Amino acid sequence: MRWLILSDIHGNLEALDAVLDAATADGFDHILCCGDVVGYGADPNAVTAIIRSCTTHIVRGNHDKACVGLDDLEWFNPAARHSAVWTQSVLDAENTAYLRALPRGPFEVGDPTSPPFQIMHGSPLDEDEYLMQSEEALMMMGYLDTRISFFGHTHVQGGFRFHHGGVQRLDPKIPSGRLELVLDLDSFYLINPGSVGQPRDGDPRAAWALYTPEDRSILYRRVAYDFRPAQRKIIAAGLPPQLAYRIALGR
Ligand code: ZN
């Protein structure tokens with residue numbers, strides 16, 4: 001069984017298409033999503049329709065909540081708030097209903113052939129919490145119910161390995177666009193597949209991961225894509241221009 005792990009797509013149709021094309025070439029069985037299907041990008045309906053049709057398991061992200069009126073936007077910066085209000089105004093009824101019904105993480109996933117694992121958006125305790133630093137991640141170790149969990153929210157590909165009471169930050173540098181991590185049997189892992197539609201780790205290439213439990217293998221992946229149409233649509237929709245610029249910067 002091979003799982004395609006997506007996160008933080010953020011209404012970027014060009015990035016999602018590029019990831020699905022590349023992942024199809026690699027091969028996978030099921031798609032999981034750690035949330036933030038919409039927000040920031042200008043294609044919330046097309047992206048939600050694709051995710052609805054192909055995702056086996058998904059948890060909601062903070063932007064998914066905000067873009068369907070389940071959040072008061074109090075903690076959103078002005079650009080995020082502007083995009084959430086705009087997204088809510090253009091989402092059709094079917095996509096709105098789908099996003100409103102997304103479950104909160106952590107959510108346990110598994111199949112009869114391999115141990116269960118979890119997906120979540122922010123942290124095991126709080127779907128809105130950012131796990132950026134090792135110290136923050138270490139405090140979560142006691143709350144991990146499975147040896148392997150996938151999270152998003154930070155838009156930074158990598159994650160954390162917990163071993164003998166300590167924590168190691170996983171910071172893959174992958175100029176070739178693919179890097180395999182073989183998982184230890186005696187460690188716990190929080191794996192971030194990176195962001196499909198708005199990476200913030202300095203690399204503008206779309207990010208995702210493939211998980212093969214039988215091989216204890218995580219394959220971190222990146223692919224370059226033409227983001228100019230996504231940028232043009234953000235500008236044409238009247239959304240804050242910085243949302244277009246940052247796609248090119250990966251920040
Ligand atoms: Zn996000």
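Q: Where does alanine 46 sit?
A: Alanine 46 is in helix H2, residues 44-54. Keep in mind that this is a predicted model.

Q: And is alanine 46 buried, exposed or partly exposed?
A: Partly exposed, with a relative accessible area of 29%. In space, alanine 46 is 9.6 Å from leucine 91, C-alpha to C-alpha, though the two are 45 residues apart in sequence.

Q: Switching to charges: how many salt bridges does the structure hold?
A: There are 15 salt bridges. One of them joins the side chains of aspartate 26 and arginine 178, at 2.9 Å from N to O. That pair links distant parts of the chain, since aspartate 26 is in helix H1 and arginine 178 in strand S9, 152 residues apart.

Q: What forms a salt bridge with aspartate 26 at 2.7 Å?
A: Arginine 221 does, going by the closest N and O atoms. Arginine 221 lies in strand S12 and aspartate 26 in helix H1, so this pair ties together parts 195 residues apart in sequence.

Q: Which of those side chains is buried? Let's start with arginine 221: buried or exposed?
A: Arginine 221 is buried, at 7% relative accessible area. Aspartate 26 is partly exposed at 21%, and so is arginine 178 at 39%.

Q: Which residues are linked in a network of salt bridges?
A: Arg60, Lys65, Arg104, Glu127 and Asp128. Within it, glutamate 127 and arginine 104 meet at 3.4 Å, N to O.

Q: Last one: which residues gather in a patch of negative charge on the surface?
A: Asp29, Glu180, Glu214 and Asp215. Aspartate 29 lies in the loop between helix H1 and strand S2, and is partly exposed at 44%.

Conventions: Residues are numbered from 1 along each chain as its sequence is written. This is a predicted model: local features need pLDDT of at least 70, side-chain atom pairs count only at pLDDT 80 or more; totals for chains, interfaces and linings use all residues. Side-chain values use heavy atoms; hydrogens and water are left out. Helices (H or I, at least four residues) and strands (E, at least two) are DSSP runs, numbered from the N terminus. Buried means under 20% relative accessible area, exposed over 50%, partly exposed in between (1.4 Å probe, protein chains only). Patches are made of residues with over 30% relative accessible area and no salt bridge: like charges are joined within 9 Å, nonpolar side chains (Val, Leu, Ile, Met, Phe, Trp, Tyr) within 5 Å. Accessible areas come from the Shrake-Rupley method with a 1.4 Å probe; for residues, only the protein chains shown count as cover. A salt bridge is a side-chain nitrogen of Lys or Arg within 4 Å of a carboxyl oxygen of Asp or Glu. Lys and Arg count as positive and Asp and Glu as negative; His and the chain ends are not counted. The place of a charge is taken as NZ of Lys, CZ of Arg, CG of Asp or CD of Glu.
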